[in-house]
Every structure is written in C-alpha cells, then in structure tokens.
Amino acid sequence: MIAEKNKIFIIGIFTITLTFTLAISLNYRIPREILLAYNWFTLAITLFISSFFLINYIVKKNRLFSTMSLFFSCIVILEIIFHLTPKEKFGLFKSFAMNQQLVLAYLSAAICLIASQDTIIKTKPKISYSFLMLTLGIISCSFLINEVGLTFFKYNWLPILPLTLLPIAFIRIKRSKYWADYFLQYWFLLFIGILFSAQLLIGLSSILNNNQLLYSADFFKGISYIVILCGIFFQFYKTLGKSELQANNLFLATEEVRQEIEEREWTEELLNESRLFSESIVESINEPLLVLDSELKIIKTNHSFYTLFNLNPKQTLNRFLNEIGKGEWNNQELLSNLKSVINDDVHIKNYETSIKLQHKSKTILLNARRIAQKDIKTNLLILTINDITDLKKAQENARLLARGVESALEAIILTDHNGSINYVNPAYLNLTSFTFTELKGKKLNTLISDLNEIDFKNLLLSNQSENKIWTGEATGYKKNGSAYEVYMTIAPVYDEFQKLEGFVSIQNDITELKKAKEDLAQRATELARSNAELEQFAYVASHDLQEPLRMVSSFCQLLKKRYYDKLDKDANEFIDFAVDGAKRMQTLISDLLLYSRVGTRGKPFAKTDCNDIINKVLKNLQISIEDSDATINIKDLPTTVADETQLVQLFQNIIGNAIKFRNSKSPEISVASKRKNGQWQFSIKDNGIGIAPKYQNKIFTIFQRLENKENYPGTGIGLAVCKKIIERHRGKIWVKSEPGKGCAFYFTLPALEGINQ
Amino acid sequence: MSVDSFERPIEILMAEDNPGDIRLTREALKDGKVSNSLNVVNNGSDALAYLRKQPPFENMSRPDLILLDLNLPKINGIEVLQEIKTDETLKLIPVVILTTSKSEQDITSSYQNHANCYITKPVDLDQFMSAINAIDNFWLSIVRLPTE
C-alpha cells in the first residue's frame with residue numbers, strides 16, 4: 001500500500017513538473033522569476049543527487065556511485081557557471097556549458113545503464129565491456145566532433161548522442177529476477193529521451209539563434225534530473241519495508257555485498273535448477289520414495305508412493321510416517337531404525353519387511369540414508385521402497401518348483417535343445433548311481449535306448465518336432481550298465497519368446513511295476529486258465545461221470561425190470577436203493593452240468609426284451625402255474641442286454657421256486673423293475689413260505705437245500721445257477737424275506753443306455 | 001412191415017466202444033419187431049475196415065444201417081462218417097449217430113457230414129430202449145431205402 005501511494009505521489013509530481021515545463025516551453029508568458037526559481041530548483045535537485053552519491057561513495061566505497069558523484073558534481077559546477085553567466089554575453093559559452101552538462105549526464109546514464117545490468121556483465125563480460133567501451137568512445141568522439149563543429153561551423157551535432165545509448169538500453173536483462181533492474185532500465189530510457197529533447201532544443205536554438213528554445217532545452221534538462229530523481233525515489237520507496245538486502249541491492253550495497261548477493265542468487269538459481277531436476281527425478285522414479293525430516297515427517301514423496309499406498313498428497317505430506325494410511329508404517333522397530341539413520345548417519349540397506357496393504361500382504365525392501373544438509377540444522381532422510389512381493393512370490397514359486405523337482409520320486413532330466421543334459425534331479429542320480437558331473441553335457445539318448453529310437457532321436461535333435469511330446473516306455477541304463485524300465489515323457493521347453501530352449505524328461509521307474517504287471521497278467525492268465533480248467537473239469541467230470549452212471553442206472557433198471565420179484569424181498573429193496581441212488585446221482589450230475597455251462601456255454605449278450613423272456617417262462621411253467629392256481633402280476637419290463645437263454649433260466653428258476661415253495665394259499669407272484677444307478681433292478685415277490693434270515697445267505701450256494709425232499713423236491717442248484725447268471729451279467733442278486741410271509745428276490749441287470757455309453 | 005424182413009434179417013453195424021451200450025442196444029433190438037443181426041466194431045478203423053470188407057471182415061455183408069458213436073478210439077466217429085459219406089458205394093447206407101454228446105458242435109458237424117440222424121443216448125433205460133426201437137422201426141420198417 002505504501003509503495004502504491006508513493007508511486008501515485010511520485011507520478012503526480014512528475015506529471016505536474018512535466019506539464020509545467022511543457023507549458024513554459026510552448027508559452028513564454030510564464031514570468032521569468034518562476035523560470036529562474038525553477039532553474040534553481042533543478043540545480044538543488046542535482047546537488048542533492050550528487051551529494052547523495054557522494055555520501056554513498058564515502059560510506060559504502062561504491063565505485064559506481066563515486067563515478068556518478070563525480071559526474072554530477074561536474075554537472076552542478078557547469079550548472080552554476082551556466083546560471084551565473086549573463087546570457088547576452090556568453091551565449092556561446094552558455095551553450096557550451098550546457099552541452100558539457102548534457103554530455104556528462106549521458107556518460108552517467110550510460111554507466112548507470114551498464115551497471116544496472118551487472119548480471120549481463122557477469123554472464124557475457126566481454127560483450128558487455130566492449131559494448132561499454134564502444135558507447136563511451138562514440139560519446140567521446142561525438143563530443144569532440146561536436147566541439148569542432150560548434151567552433152568552426154556553429155553547428156551542434158550532439159542530438160545524435162543519445163542514440164548511442166539506445167542499444168545499451170535494449171540489452172535484455174535475462175537472468176535477473178529483480179524487477180527493479182527492468183524498471184531502472186526503462187526509467188533511464190525516459191531520462192535519455194528527455195535529454196535528447198533538451199539537446200535537440202539546444203541545437204535548434206543555436207541554428208535559429210532563438211533564446212526561447214535554449215530556455216526550453218534548459219527546462220528539459222531540468223526535467224531529466226527530476227526524472228532520475230523520481231526514479232531514485234521511486235526505487236527507494238518501492239524497496240521500503242523490503243529486506244535490507246534488497247534495498248542494498250539497489251542503492252546501498254557495496255559492490256562486494258552486491259556481488260555476494262548475486263553469487264547467492266546465482267547459486268540459488270543453480271540450486272533451484274537442481275531442485276527442479278531432482279524433483280523431476282523423484283517424481284518420475286518408479287520406486288516409491290519418501291523424504292522425511294528428523295521427526296519422520298513426510299516432506300516429499302512421489303507418484304509411485306501414492307499409487308502403491310493408495311494415498312493422496314493431502315493424506316501424506318507433512319504427516320508423520322507412522323500416522324499415514326491405516327498405520328501401515330507404525331512399526332516400532334522400523335521407526336527406530338529410521339531414527340538412527342537420521343541421528344547416527346547409518347544406512348539402511350535392503351531392510352525387508354512386510355506391510356499389509358488393501359488386504360494384501362506386501363513384501364517391501366527398504367533403503368534409507370541421510371541426506372547431507374550443510375546449512376540447515378535438521379537432517380533429512382531419503383527412504384526408497386521396493387515392492388518385491390511379486391519378486392518374492394516368483395522366488396518362492398521358483399524355490400517350490402525347484403524343491404518339488406528335487407524331491408520328486410520321478411527322475412527328471414533337463415536338457416538343452418540338442419539333448420545334452422543340463423540338470424538331473426536326485427531321484428535320477430539315485431536310480432542310476434551316476435553323479436551329476438558324469439552326466440553333464442551327455443546326450444540324453446545315450447542313456448536311454450528305446451524300441452522306437454529313430455523317432456526319439458528326431459524329437460531331440462530336430463527343431464521341426466517342437467510341439468511333440470514323446471511318451472512311452474523305454475529302457476534306461478544305470479552306471480553299472482544294468483537296464484531299468486521307465487515310463488518316460490519328453491516334452492519340449494520353451495523360453496518366453498517361444499523359442500525351443502531344451503527338453504524335460506520325466507521318467508518313472510516302472511521296472512517293479514512292469515514286473516508286478518507281468519506277474520499280475522501271468523496270474524490273471526493262470527487264474528483264467530484254472531477257472532476254465534475248473535469249469536472244463538466240472539463239465540467233463542459231469543459229462544464223463546454220466547457215462548458210467550448211465551451204465552449203473554440202466555443196468556440197475558434192467559435188473560429191476562427182469563429180475564424183480566425173482567429174488568427175495570431184500571434183493572428187491574437193494575435194487576430199489578440202487579435205482580433210486582443212480583437216479584439222484586443223474587439229477588445231481590445234470591444239474592452240475594447245467595451250472596458249469598453258465599460260464600462255459602454262455603452266449604454273447606444281446607438286446608433282450610424282458611417281456612418276451614417272461615412270456616417264455618410263463619409258457620414253460622404253464623403246467624405248474626395251472627396246478628398251483630398261481631396268479632402272476634407283471635409290470636411292464638425293460639429291455640436289457642443279456643444272454644436270453646440264461647435270462648429265461650433265471651426268471652424260470654425264481655418264479656418256479658416261488659410256485660414251488662408255496663404254503664397253503666395259492667401263490668401270488670409279482671414281477672416288477674425300476675431304474676437304479678444306471679441299472680435295472682428287478683424284483684420278484686411271492687407269498688410263499690419265506691426264508692429264515694440265517695439261511696438267506698446260504699440259498700445261493702450250490703446244492704444248498706433248506707427244505708426236505710419229500711415236500712419240496714430238488715437238488716438246490718436253481719438259485720446257485722441264478723447267482724452265476726447274474727454274476728456273468730455283472731449284476732447282483734439278493735433276497736429279503738420273513739418266514740411265513742413270502743420272500744422277495746432282487747437282482748440287477750445292465751441298462752441298455754449304460755451299455756451304449 | 002417190409003417184405004424184405006421175411007427174406008433175410010436186417011444187417012446193423014454198430015461202432016461203439018462201450019460194452020454196456022452194446023449190450024443195452026442188443027437187448028433193445030432183441031425186443032424189436034424187425035429181425036436183425038447186430039454186428040459190432042469197437043473202434044473207427046475197424047468200422048471202416050468192416051465196411052470196406054478188409055481183413056478180418058472180408059466175409060461180412062454190407063450193413064443196412066450204421067449206428068455210429070462219435071467218441072471212438074483210433075478214428076473218431078466224425079472221421080468215420082466223413083469216410084462213409086465220401087465213399088460212393090457206402091454213402092447210401094443210412095448212418096445214425098448214437099452218442100452221449102449233446103454238444104451243438106457235434107450235432108452240427110455230424111449233419112454237415114451228412115449224418116442221417118443224430119440221437120443222444122437217453123440216460124433212462126426205458127427211454128434208451130424206446131429210442132433204439134424207434135430207430136429200428138423208423139429206418140428199417142418205415143423208410144424205404146435204395147436197394148443195392
């Protein structure tokens with residue numbers, strides 16, 4: 001506000017003075033006394049300025065100001081001479097004195113201008129000084145020419161002088177941050193302009209021999225002093241209330257101080273630049289980074305930090321490290337470590353810690369060091385954060401993978417793209433008794449021989465087979481030359497650019513397995529053979545037994561036929577037993593034959609409609625059904641895949657049993673089926689005598705009879721045959737029964753869809 | 001009743017190694033209505049020798065009916081059958097396969113080799129008797145065979 005008021009004040013004074021001067025120059029009616037007073041006033045101002053500079057020179061030993069002071073003193077002396085000289089007598093002299101004044105004023109203005117551009121002098125000293133010298137030279141030459149011209153030709157050349165100062169005025173002040181320098185420059189331009197006007201008027205007055213113009217020139221000269229005075233005051237008031245440093249900078253500082261200030265400015269500028277430079281580095285660096293003060297308050301951080309911790313500058317800057325976010329950094333050990341970095345200048349190098357961020361645990365690596373601060377007492381700390389979670393994970397994965405490979409039971413071999421071994425795992429070493437050094441660089445196919453060796457070689461050696469994965473059985477060789485059987489996979493391994501890097505071979509030692517398999521196969525064959533033999537035996541036995549039995553039976557019957565009642569009573573009885581025994585034997589043998597035929601004489605399975613089967617069965621059992629007055633309910637039955645003949649036998653046996661083992665009531669039999677677990681489950685229920693639970697397991701055993709022969713004749717083969725038939729069809733048969741309440745037989749047969757699938 | 005039956009007994013050749021069956025057949029034929037003469041050989045080669053009148057069967061006459069068991073020593077029944085049925089002079093003689101086998105394979109191969117009929121020996125005596133009598137009756141009385 002003060003500066004603003006002063007500005008208005010000074011501009012006001014300046015305007016009034018200018019208007020007044022112009023009025024005098026254009027209109028001569030202003031009283032002569034006032035003009036004189038005005039002249040003396042300007043003289044006083046000049047005196048003031050020169051004394052001001054003189055004091056400055058004495059106090060601050062400023063060479064610039066001393067020069068200025070000298071010039072102004074000369075101006076004052078000339079001014080005094082000018083005013084004391086009667087104008088009628090010393091017109092020429094007056095004019096000369098005024099010219100000298102103006103020349104000196106130019107010189108001082110030139111020096112001021114150059115001086116105000118010290119920074120330029122510093123950055124481009126040669127150009128600046130040569131410019132200054134040139135300017136001074138031109139001024140001096142012009143002066144001499146003018147003096148000569150004035151003396152001999154009565155012609156004034158000096159109006160061209162101010163023009164020489166113009167280039168200086170337009171030297172741009174590039175590096176100076178001080179607005180005052182700019183201001184001074186334009187102020188002095190104004191000063192030169194006015195001087196130029198004064199000079200012009202003097203020139204005109206000498207040409208036209210007009211004293212009025214000389215007076216006007218005098219006023220302009222006076223104004224130029226006022227202008228410079230105004231400039232000085234203006235600057236002075238501008239800098240009022242600013243630091244002494246700045247004030248000094250403009251007017252009061254000695255050259256040394258000024259130089260120092262400028263050096264500092266220069267340094268500050270450099271610092272500023274390096275600060276910008278480092279800030280842009282900090283900002284653009286990928287790693288999250290923190291700059292902390294001695295209290296661990298965050299001074300600076302970068303974008304990566306905000307991103308990683310999901311924070312914004314408001315939540316971060318000027319806050320304590322342990323308070324930001326959700327207290328992720330509130331780790332006493334870490335904080336005390338950081339404090340010791342600041343206080344004791346120790347470094348934290350790759351300090352690994354985990355931090356919980358957005359529900360994820362991150363592993364970070366911290367590096368911290370103190371930033372050396374020369375002038376500021378508090379130390380700063382720079383903390384870089386390396387998010388190594390992914391790296392850690394990758395490392396962990398790699399470690400796991402390596403451990404897995406190392407501890408795998410399968411032999412694992414890695415080769416390069418030529419099939420030369422790069423790595424083998426301990427399992428392979430254990431298997432073969434080789435050491436790794438013996439194997440390294442060896443070709444894999446020298447260790448494995450294979451039935452299809454050419455293909456295998458091709459796989460390893462040719463690049464065209466890149467996508468092939470070889471699997472199969474092979475024979476490997478141990479160190480001692482003995483062979484072992486493996487099931488092996490050889491797969492190509494690619495690098496991240498899909499280039500073939502090598503091969504991985506995984507071998508399963510199947511020597512034992514193969515042996516076991518062979519054993520098993522052999523046993524299975526043996527079992528099949530012995531089963532077949534057994535069945536054959538049962539068949540042959542029953543068949544061949546039939547032959548002699550037929551003889552026994554036939555001749556016993558013949559005996560009975562021809563000789564019954566021809567011997568005694570005992571003989572009759574003996575013949576009866578023999579005949580009966582032979583008959584029973586025949587039944588047993590034919591049943592056994594039937595039983596053995598289920599396995600040996602079965603037909604291939606075919607689509608079989610169970611409704612057809614049941615109809616055949618009912619036809620076969622027609623007589624006994626009629627005799628027993630049995631009712632048989634049949635729900636619609638499915639089509640299955642079976643041996644039709646055997647299925648007839650199955651249903652016939654079970655339904656036959658249901659009729660046979662009836663009690664006093666007439667039999668009621670129901671046949672039904674339902675889908676269960678991809679199979680058909682059949683049920684045949686009756687209301688017969690039933691089976692006690694303890695016998696329920698026995699009924700499917702061959703020749704197992706529960707009831708006596710007198711009431712329920714039979715050999716006990718029926719259900720055993722049923723079971724065998726069901727087993728041949730990969731089904732199950734079971735019974736649920738309560739004595740006296742009948743029984744229910746269940747069995748399963750394959751469903752059609754199940755077979756198709 | 002055939003007219004021939006009055007002129008000479010029917011000649012039957014039985015190739016059978018089981019004496020029991022021979023006896024039973026003999027017993028059965030004894031009750032037969034047709035007078036017959038049963039000649040028995042115990043193996044396949046004898047059967048062929050008999051038919052070809054080779055020693056010691058030079059004096060035997062050509063049979064009118066052959067009862068052939070399949071399970072014969074030396075040359076089995078099927079082979080004998082093949083020999084008979086490929087022999088232009090012998091193939092006209094009806095051959096009845098009389099065996100204990102119920103095997104489908106035996107039945108099929110018998111008929112493929114032109115057996116005239118296939119009978120499984122019934123286990124029961126009465127049935128056996130009636131089977132033999134039925135053969136006797138059918139082939140020797142009912143059927144007309146070409147004369148030599």
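Trainee: Where is Pro56(B) found?

Mentor: Elements first: helices (H or I, at least four residues) and strands (E, at least two) are DSSP runs, numbered from the N terminus. Pro56(B) sits in the loop between helix H3 (44–51) and strand E3 (65–68) of chain B. A cis peptide bond joins Pro55(B) and Pro56(B), with omega at about 5 degrees. Bear in mind that this is a predicted model, where local features need pLDDT of at least 70, side-chain atom pairs count only at pLDDT 80 or more, and totals for chains, interfaces and linings use all residues. Residues are numbered from 1 along each chain as its sequence is written, chains are lettered from A and ligands numbered from 1 in the order in which they are written, and side-chain values use heavy atoms, with hydrogens and water left out.

Trainee: Moving along chain B, is Leu70(B) buried or exposed?

Mentor: Buried means under 20% relative accessible area, exposed over 50%, and partly exposed in between (1.4 Å probe, protein chains only). Leu70(B) has a relative accessible area of 9%, so Leu70(B) is buried. Leu70(B) belongs to the loop between E3 and H4 of chain B.

Trainee: Which residues is Leu70(B) in contact with, leaving aside neighbours within four places in sequence?

Mentor: Contact means heavy atoms within 4.5 Å. For Leu70(B), the partners include Ile78(B), Ile97(B), Asp106(B) and Tyr118(B). Take Asp106(B): Leu70(B) and Asp106(B) are 36 residues apart in sequence, yet 8.3 Å apart in space, C-alpha to C-alpha.

Trainee: What about phi at Lys74(B)?

Mentor: Lys74(B) has a positive phi of about 65 degrees, although it is not a glycine. Lys74(B) is in the loop between E3 and helix H4 (77–86) of chain B, and is exposed, with a relative accessible area of 70%. Asn677(A) lies in the loop between E15 and E16 of chain A and is exposed, with a relative accessible area of 75%.

Trainee: Which residues touch the most other members of the largest nonpolar core?

Mentor: A nonpolar core is a set of buried Ala, Val, Leu, Ile, Met, Phe, Trp, Tyr and Cys residues joined through side-chain atoms within 4.5 Å. Of the 40 residues in the largest one, Phe651(A), Ile654(A), Ile655(A), Phe745(A) and Phe747(A) touch the most other members. H23(A) gives this core its largest share, eight residues.

Trainee: What does Ile654(A) touch, not counting residues up to four places away in sequence?

Mentor: Ile654(A) touches Ile684(A), Leu719(A), Cys722(A), Ile733(A), Phe745(A) and Phe747(A). Apart from this core lies another, of 27 residues, including Leu292(A) and Phe309(A).
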